[in-house]
Amino acid sequence: MARASYRSSDVDLMARMMRAEAEGEGQLGMLYVGNVIVNRLVANCLDFKGLRTIPQVIYQVQGGNYSFEAVQKGNVFYQRARGIERRLAEQNLKHWRQHPARYALWYFNPHAPCPPTWYGQPRTGQFKEHCFYEPKPATCDSVYRG
């Protein structure tokens with residue numbers, strides 16, 4: 001059973017985001033970004049309450065800005081999805097989860113060493129340039145399901 005329900009257009013949108021955010025980090029880096037997208041969709045906690053669709057996750061605005069830098073800046077995000085990214089996005093939506101993004105709700109590239117916390121949330125690890133963070137214990141149990 002898939003981690004979240006989705007349509008073909010959701011796969012395209014998610015694939016474009018994965019490429020725009022992590023193409024330079026290879027397929028594994030894109031899968032980690034996909035983990036975060038799906039985790040936000042299923043979490044329904046903290047900053048991600050009420051998100052029910054991939055477009056709601058991708059275009060979410062927090063603090064007056066889009067949550068994902070690629071949406072703010074445009075860059076590769078506005079190009080068409082390629083087959084490889086579509087396959088990776090479907091893997092994430094169906095089942096794929098792996099450390100350090102397995103339960104992560106946040107990631108970013110600090111262009112420096114990863115800080116131990118991000119807005120008070122603990123770091124789970126790093127892959128190439130991206131640092132990953134999951135919710136503090138007992139603040140978002142739903143991200144650990146599925």
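## Helix packing and overall fold

Helix α1 (residues 8-22) packs against helix α5 (residues 83-94) at an angle of about 110°, and their axes lie 8 Å apart. The model is predicted. Angles of 65 to 115 degrees count as roughly perpendicular, so α1 is roughly perpendicular to α5.

Which residues make the contact? From α1 come Ser8, Val11, Asp12, Met14, Ala15, Met18 and Arg19. From α5 come Glu85, Arg86, Leu88, Ala89, Glu90, Asn92 and Leu93. By class, the contact of α1 with α5 holds seven nonpolar, two polar and five charged residues.

Now the whole chain. The protein has five helices and six strands. Along the sequence they follow the pattern α-α-α-β-β-α-α-β-β-β-β. The radius of gyration is 14 Å, close to the 15 Å that the globule rule gives for 146 residues, so the protein is as compact as a globular protein of that length.

Contacts across the sequence come next. Take contacts between residues at least 6 apart in sequence: 65% of them join residues at least 24 apart.

Overall values for the protein are tabulated here.

| Property of the protein | Value |
|---|---|
| Box filled by C-alpha atoms, along the principal axes | roughly 35 × 35 × 30 Å |
| Share of the 146 residues that count as buried | 47% |
| Accessible surface | about 7,400 Å² |
| Share of accessible surface belonging to carbon and sulfur atoms | 49% |

Methods. Residues numbered from 1 in each chain as written. Predicted model: local features only at pLDDT ≥ 70, side-chain atom pairs only at ≥ 80, totals over all residues. Heavy atoms only, no water. Axes fitted to C-alpha atoms, helices over the stretch in contact; angles between N-to-C directions. Helix = DSSP H or I, 4+ residues; strand = E, 2+ residues; numbered from the N terminus. Parallel < 35°, antiparallel > 145°, perpendicular 65-115°, else oblique. Contact = heavy atoms within 4.5 Å. Nonpolar A, V, L, I, M, F, W, Y, C, P; charged D, E, K, R; others polar. Rg over C-alpha atoms; globule rule 2.2 N^0.38 Å. Buried < 20%, exposed > 50% of the residue type's maximum accessible area, 1.4 Å probe, protein only. Areas by Shrake-Rupley, 256 points an atom, 1.4 Å probe, with all protein chains shown as cover.
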